[in-house]
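Subject: Structure handover

Hi,

Here is the structure I promised to pass on. Please open it next to this email as you read.

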Amino acid sequence: MNSRSDSSSSKVMCQMVPGLDTNEKEYILDQTFELYTSKMVKRNGKGTAIVWFRNDLRVLDNEVLFKAWVDSESVLPVYCVDPRVFQASTRYFGFPKTGGLRGQFIIECLVDLKKNLMKRGLNLLIRHGKPEEIIPTLAKDFASHAVYAQKETCSEEVNVEKLVSKALRRVQLPHSTGRSTSQGSANSPTLQLVWGGTLYHLDDLPFSTNSIPDVYTQFRKSVEAKCSIRSCAKISMSLGPAPCIEDWGCVPSIEQLGLQPQEVSKGLRFLGGETAALSRVYEYFWKKDFLKIYKETRNGMLGPDYSTKFSPWLASGSLSPRFIYEEVKRYEKERLANDSTYWVLFELIWRDYFRFISVKYGNSIFHLGGPRNVERRWNQDQRLFDSWRNGCTGYPLIDANMKELSATGFMSNRGRQIVCSFLVRDMGIDWRMGAEWFETFLLDYDPCSNYGNWTYGAGVGNDPREDRYFSIPKQAQTYDPAVSMWHTGCRSCKNFQERRGTFLENYTWSKLCLSNLETLMETGPLQQEKTVMEDGGGRRRKDT
Ligand SMILES: Cc1cc2nc3c(=O)[nH]c(=O)nc-3n(C[C@H](O)[C@H](O)[C@H](O)COP(=O)(O)OP(=O)(O)OC[C@H]3O[C@@H](n4cnc5c(N)ncnc54)[C@H](O)[C@@H]3O)c2cc1C
């Protein structure tokens, strides 16, 4: 889609998230940094520490940056444009690993990170290539005693950590670089992996990773009762001196990432970066005051404000969940505390849960049988899958959501649950095809949350009591306005306009479109297991 083709209508059709102007965003950034920095924090290390930025593209409450700063005299922040992230394909079905919209979002995160680091006396070194080649060379050139990075939990990322660590062990530093640790070989830099990005710290969990409860409710109750959330790490306002570097490198363009540029001309346009993230928290909580009604609106599908929209920034690490927690607590103190204010935290605990489950179950979250190794018959019917991914099933609710995903990189939680249920339960298609399609397109793609939710939706997740079948006709009645917003995508289907008056007519009509699908829906192996949920699936139960 090209917004230039119809700029006047696209302005109306497209909403920026956050919706604040540049001055307001910069003001919020400065105010927030005033609150979340400290004059008390002191450095007590020597030499240069490298900060290898990964999915933690922020300055505020960044444990990695905090630790590196405290343990050194100078910090070198680095981002590696890894071809395995931007130019590779998804694991089984060969879709692009990163779509153009997420690529653009990450570019914006990097531009903002560089700007925010420069404001505080640092900069961001940008290099193209594999971290295991770039980081050790830098460590040698700058005689760095340690490289600090956020610990990841899924195999692709963990594998890169291992390669970096191995390559660092081969670097020999001259003596007197100020290192005080004895890890690694004689005088090689070490990779210090720091836990971050969750509400609860891994080390504070009241169980070992092997005994993390499989059922979300048990997990939640246990962490809420037995551990507390650590305070945000308050870093110094000034982070310099920066090491002397001639060429810090530029943030790549979308073409340099090897991705197709794509403009958002309709729906939500998310702006990447920490400044935008902090502004969105301010906008949603304080300016628009929507936090107090979140629980009632969160299952919506249309517009920027039925839910927080924090997920793209959480996934890139431009926003810290602990910062959200502290803002919720401040709101509860200064305005009001109710079920809605709590419910944002409740949802963030889902995010933690999927992260910790990935530690417990490893790669099985990516396997067809999921963590429980469930055996079930799936098909990989390309025609059905294409109709789903292209938003041409003939079912307006499904098509509207899939169009939204490819046009904006976002889809509501309820939309995701519905299209997931349709793909796996009605079409009987291998759930991994859907998960990989989401992996390409979602701005907020995160392996733990994405595959965790897909395994749940497909009935191969951890909680055997979950049944997430969504009745399309019932859901469509509730979500008609959202369908109307995107229904133009169904134009190729004859008589759509005349028939969209009532949903049931569309439903009956669309049945004629895909007889193959209908056969599957009526005779498919999943049919016996379906329990139609009147008001959606997961969230109707008290605890989902
Ligand atoms: C099939 C499927 C795939 C999904 N893939 C992803 C993904 O790749 N990345 C991702 O961040 N979320 C994923 N989700 C979860 C959820 O849909 C999004 O987090 C949510 O829609 C983001 O919108 P929001 O920030 O406005 O959420 P809100 O309703 O405002 O919730 C606040 C925050 O809580 C967290 N959260 C809420 N629900 C969930 C959930 N079910 N699982 C994990 N975290 C949750 C998110 O961080 C979210 O930003 C998926 C859900 C489904 C059903």
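Predicted model: local features only at pLDDT ≥ 70, side-chain atom pairs only at ≥ 80, totals over all residues.

Ligand shell

There are 29 residues around the ligand, and S307, T308, E347, N450 and N453 come nearest. The most comes from α13, with six residues. By type, the shell divides into twelve nonpolar, ten polar and seven charged residues. Both domain 1 (1–360) and domain 2 (382–540) supply at least three residues each.

The sheet

Look next at the open sheet of five strands. Its order is β4-β3-β2-β5-β6, and the pairing is parallel. The edges are β4 (125–128) and β6 (190–194); each has a single partner strand, so one side of each lacks a neighbour in the sheet. On average, neighbouring strands here are turned by 30 degrees against each other, direction ignored. Six bridges link β2 (residues 48–53) and β3 (residues 74–81) in the parallel sense. In that pairing, T48 has S74 in β3 as its bridge partner. Helix α7 (residues 155–169) lies across β5 (146–150) and β6, and runs at about 150 degrees to β6.

L345

L345 sits in helix α13. Buried would take 20 or more, and exposed 12 or fewer. Beyond its neighbours within four places in sequence, L345 is in contact with Y325 and V328. R322 is 23 residues away along the chain, with 9.8 Å between its C-alpha atom and that of L345.

Most peptide bonds are trans, and most residues other than glycine have a negative phi. Here are the exceptions I would look at.

- V17 to P18 is a cis peptide bond, with omega near 0 degrees. P18 lies in the loop between β1 (14–17) and α2 (22–35).
- G240 to P241 is also cis, with omega near 5 degrees. P241 lies in the loop between α8 (216–226) and β7 (267–270).
- K309 has a positive phi of about 65 degrees. Its loop runs between α10 (294–297) and α11. K309 is buried, because 21 other C-beta atoms lie within 10 Å.
- N373 has a positive phi near 55 degrees. Its loop lies between α13 and α14 (382–389). N373 is exposed, because it has 10 other C-beta atoms within 10 Å.

Best wishes

Conventions: Residues numbered from 1 in each chain as written. Near = placed C-beta within 6 Å. Helix = DSSP H or I, 4+ residues; strand = E, 2+ residues; numbered from the N terminus. Nonpolar A, V, L, I, M, F, W, Y, C, P; charged D, E, K, R; others polar. Domains from an automatic or database assignment. Pairing = 2+ DSSP bridges. Axes fitted to C-alpha atoms, helices over the stretch in contact; angles between N-to-C directions. Contact = placed C-beta atoms within 7 Å.
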